[in-house]
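Subject: Structure handover and findings

Hello,

Please find the structure below, together with its sequence.

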Amino acid sequence: MVTHHATNDTHYRGRFAPSPTGPLHFGSLVSALASYLDAKKHHGQWIVRLEDVDGSRCKTQYAEQILHTLHSYGLVSDELIRVQSQHSDQYEQYLLLLKKRHAVFACNCTRQSLADYHGQHPHVCHSTTDLAHSWRLHTSGQAYCCEDAIQGELLFENDLASNAPVLKRKDGYFSYQLAVVVDDHLQQITHLVRGADLIDTTAQQLYLYDLFGWQAPEMCHIPLITNHTGDKISKQNHAKAIQNGHLPTLLRALHYLRIDFSPGDEQANSIESALTYAIRHWQPSRLKGIKDLPLEQQDLHFL
Ligand SMILES: [Zn+2]
């Protein structure tokens, strides 16, 4: 069992890493705010990264739109924005390192040939690099454990044994899993504050950290904003783009993060003063034990 310990002695560096597959919606604003408030509460740096590694789904117009919306809510990156699609050469280098260590294997399998395994890839196949192939990570029975500021102790037992995740696709695009670990390492990210939908990806990421011999960041997964059917609100289920710089939207987003203002409160008069107040009052522990955050009646217009 590998336990990942807290790194309190490092200077806090957090990030928000949206994929530009659509404009920013209410759920993504809540995630962005949580990572921002946590970084600022710790007097740390908050960095925006564009996760456009999947070039088949991402669009430049959305990237610009997302950055503009974040800016309008006072959420400005402390450093130059890293754009993943400009760093393929770095992901290639780290993949090469894994190839040298025999940690990955080539795979020609198709969706059809994996149908019997429900799309999972539970074993090493006998594929050739002469044909179109992806690169998959060897499975591991290693268990991982980390302490999450909201979710408590997260234990991943044999999580990787049932699937060999793709690190580079047949079409040449690198996977989120490889890019996110390499980027968080290169950008010296110390804390991840992100949506609970990403808990499932954590075990593979901890395994990659181990393979590279890197220290994994501290983790904090916030509950998800959900719709009336209990699904995460997302671009896939038509969450609307939020208005830019709209104070009532910001106050509602902070409400879901358990930061509320009293009626007539001066702190709630501008985006700037609301953010300052929110940084002071942000306490991730208030979200402990909450599975998800269903949209309240008055906020259903965000769908
Ligand atoms: Zn295969």
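A residue is called buried when its relative accessible area is under 20%, exposed when it is over 50%, and partly exposed in between, using a 1.4 Å probe and protein chains only. By that rule C107, whose relative accessible area is 1%, is buried.

Before going further, please keep in mind that this is a predicted model, in which local features need pLDDT of at least 70 and side-chain atom pairs count only at pLDDT 80 or more, while totals for chains, interfaces and linings use all residues. Residues are numbered from 1 along each chain as its sequence is written, and side-chain values use heavy atoms, with hydrogens and water left out.

Cysteines

A disulfide is a pair of cysteine sulfur atoms within 2.5 Å, and the structure holds zero of them. C220, for instance, is in no disulfide, since the nearest cysteine sulfur, which belongs to C146, is 11 Å away. C220 also counts as buried, at 4% relative accessibility.

Helices (H or I, at least four residues) and strands (E, at least two) are DSSP runs, numbered from the N terminus. Two packed helices are described by the angle between their axes and the distance between the axes. The axes are lines fitted to C-alpha atoms, for helices over the stretch in contact, and the angles run from 0 to 180 degrees between N-to-C directions. Angles under 35 degrees count as roughly parallel, over 145 as roughly antiparallel, 65 to 115 as roughly perpendicular, and the rest as oblique.

How do helix 3 and helix 5 cross? Their axes come within 11 Å and cross at roughly 75°, and the two helices are therefore roughly perpendicular to each other. The contact, meaning heavy atoms within 4.5 Å, is made by Y94, L97 and L98 of helix 3 and by L208, L211 and F212 of helix 5. If Ala, Val, Leu, Ile, Met, Phe, Trp, Tyr, Cys and Pro count as nonpolar, Asp, Glu, Lys and Arg as charged, and the others, Gly among them, as polar, then this contact of helix 3 with helix 5 has six nonpolar, no polar and no charged residues.

Aromatic pairs

Rings of Phe, Tyr and Trp (its six-membered ring) pair if their centres lie within 6.5 Å, and planes under 30 degrees apart count as stacked, over 60 as edge-to-face, and the rest as tilted. A search of the whole structure finds ten such aromatic pairs. One of them is the edge-to-face pair of Y94 and F212, with 5.5 Å from centre to centre and 85° between the planes. Because Y94 lies in helix 3 and F212 in helix 5 (residues 199-212), this pair ties together parts that are 118 residues apart in sequence.

Another pair, formed by F261 and Y277, is tilted, with 4.8 Å from centre to centre and 40° between the planes. F261 lies in the loop between helix 6 (247-256) and helix 7 (271-281), and Y277 in helix 7, so the pair ties together parts that are 16 residues apart in sequence. F261 counts as buried at 17% relative accessibility, and Y277 does so at 14%. Ring pairs also link Y94, Y209, F212 and W214 into a cluster.

Helix 6 and helix 7

Helix 6 and helix 7 pack at an angle of about 10°, with their axes 10 Å apart, which makes helix 6 roughly parallel to helix 7. L247, L250, L251 and L254 in helix 6 meet I271, A274, L275 and A278 in helix 7, and the residues of this contact divide into eight nonpolar, no polar and no charged. Helix 6 also holds Y256, which counts as buried at 1% relative accessibility. Leaving out residues up to four places away in sequence, Y256 touches F26, I225, L287, L293, P294, L295, E296 and D299.

Helix 4 is mostly covered, with eight of its eleven residues buried. Just after helix 4, Q188 takes a positive phi of about 55°, although Q188 is a residue other than glycine. Q188 lies in the loop between helix 4 (176-186) and strand 10 (191-195), and counts as exposed at 54% relative accessibility. H102, which is not a glycine either, has a positive phi of about 55°. The place of H102 is in the loop between helix 3 (88-100) and strand 5 (104-107), where H102 is exposed with a relative accessible area of 63%.

Best wishes
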